[in-house]
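Have a look at the structure first.

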Amino acid sequence: MKAVLGSPARKLGRAPIAKIDLDSLSIEELAAFRDEATDKLAEKVAACQAELAMLSRYGKVTKKGPAAAEAKLRKEAKDAGHSSKDQSATA
């Protein structure tokens, strides 16, 4: 079984990762590779969790994209404009 690493880099627009033939590695090399990959993943998870914690201070974290956030801001601005007109009409 030949496992080749590197294709995800192209999808992300990054420099390609070196191709590794896992079949050619010894058990010790495979274990070291696994440990390095596990450590790198743990670093990335910690960084993402820290970013989410920082963002959560500014409000609810949602799965919606930037377009939804922009639409919400436009709606709030529109609603604020109507409420000020309503208040001036009743005064």
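## The pair in helix α3

Lys 75 and Asp 79 join their side chains in a salt bridge, with N and O 3.1 Å apart. The term covers a side-chain nitrogen of Lys or Arg within 4 Å of a carboxyl oxygen of Asp or Glu. Both residues sit in helix α3 (residues 66-90), with four residues from one to the other, about one turn of the helix. Helices here are DSSP runs of H or I with at least four residues, strands are runs of E with at least two, and the numbering starts from the N terminus.

How open are the two partners? Lys 75 is exposed at 54% relative accessible area, while Asp 79 counts as partly exposed at 38%. The cut-offs are under 20% relative accessible area for buried and over 50% for exposed, with partly exposed in between (1.4 Å probe, protein chains only).

## Where the model comes from

All of this is a predicted model, where local features need pLDDT of at least 70, side-chain atom pairs count only at pLDDT 80 or more, and totals for chains, interfaces and linings use all residues. Residues are numbered from 1 along each chain as its sequence is written, and side-chain values use heavy atoms, leaving out hydrogens and water.

As for confidence, the mean pLDDT of the protein is 77, and 67% of its residues reach 70 or more. pLDDT is the predictor's confidence in each residue, on a scale from 0 to 100.

How many salt bridges does the structure hold? There are three. In general, side chains of opposite charge can pair when their charged atoms come close.

One of them links Glu 43 to Lys 40, the closest N and O atoms lying 3.3 Å apart. These two share helix α2 (residues 27-56) and are three residues apart, again about one turn of the helix. Glu 43 is partly exposed at 48% relative accessibility, and Lys 40 is partly exposed too, at 44%.

Then there's Asp 35 with Arg 34, whose closest N and O atoms are 3.2 Å apart. Asp 35 is partly exposed at 38% relative accessibility, whereas Arg 34 reaches 52% and counts as exposed.

## A nonpolar patch

Leu 52, Met 54, Leu 55 and Tyr 58 make up a nonpolar surface patch of about 440 Å². Patches take residues with over 30% relative accessible area and no salt bridge, joining like charges within 9 Å and nonpolar side chains (Val, Leu, Ile, Met, Phe, Trp, Tyr) within 5 Å. Leu 52 belongs to helix α2 and is partly exposed, with a relative accessible area of 45%.

## In the loop between α1 and α2

Leu 25 is a loop residue between α1 and α2, partly exposed at 24% relative accessible area. What does Leu 25 touch, leaving aside neighbours within four places in sequence? The partners are Ile 20 and Leu 30, where contact means heavy atoms within 4.5 Å.

Ser 24 lies in that loop between α1 and α2 as well and is exposed, at 52% relative accessible area. The Ser 24 side chain gets to 2.7 Å from the backbone oxygen of Asp 21.

## Stepping back

Overall, the protein has three helices and zero strands, running α-α-α from the N terminus. Of the 91 residues, 3% are buried. The accessible surface comes to about 8200 Å², with 61% of that belonging to carbon and sulfur atoms. Areas come from the Shrake-Rupley method with a 1.4 Å probe; for residues, only the protein chains shown count as cover.

Note on methods: A polar contact is a pair of N or O atoms within 3.5 Å; within protein, one must be able to donate a hydrogen and the other to accept it, and residues adjacent in sequence count only if both atoms are side-chain atoms.
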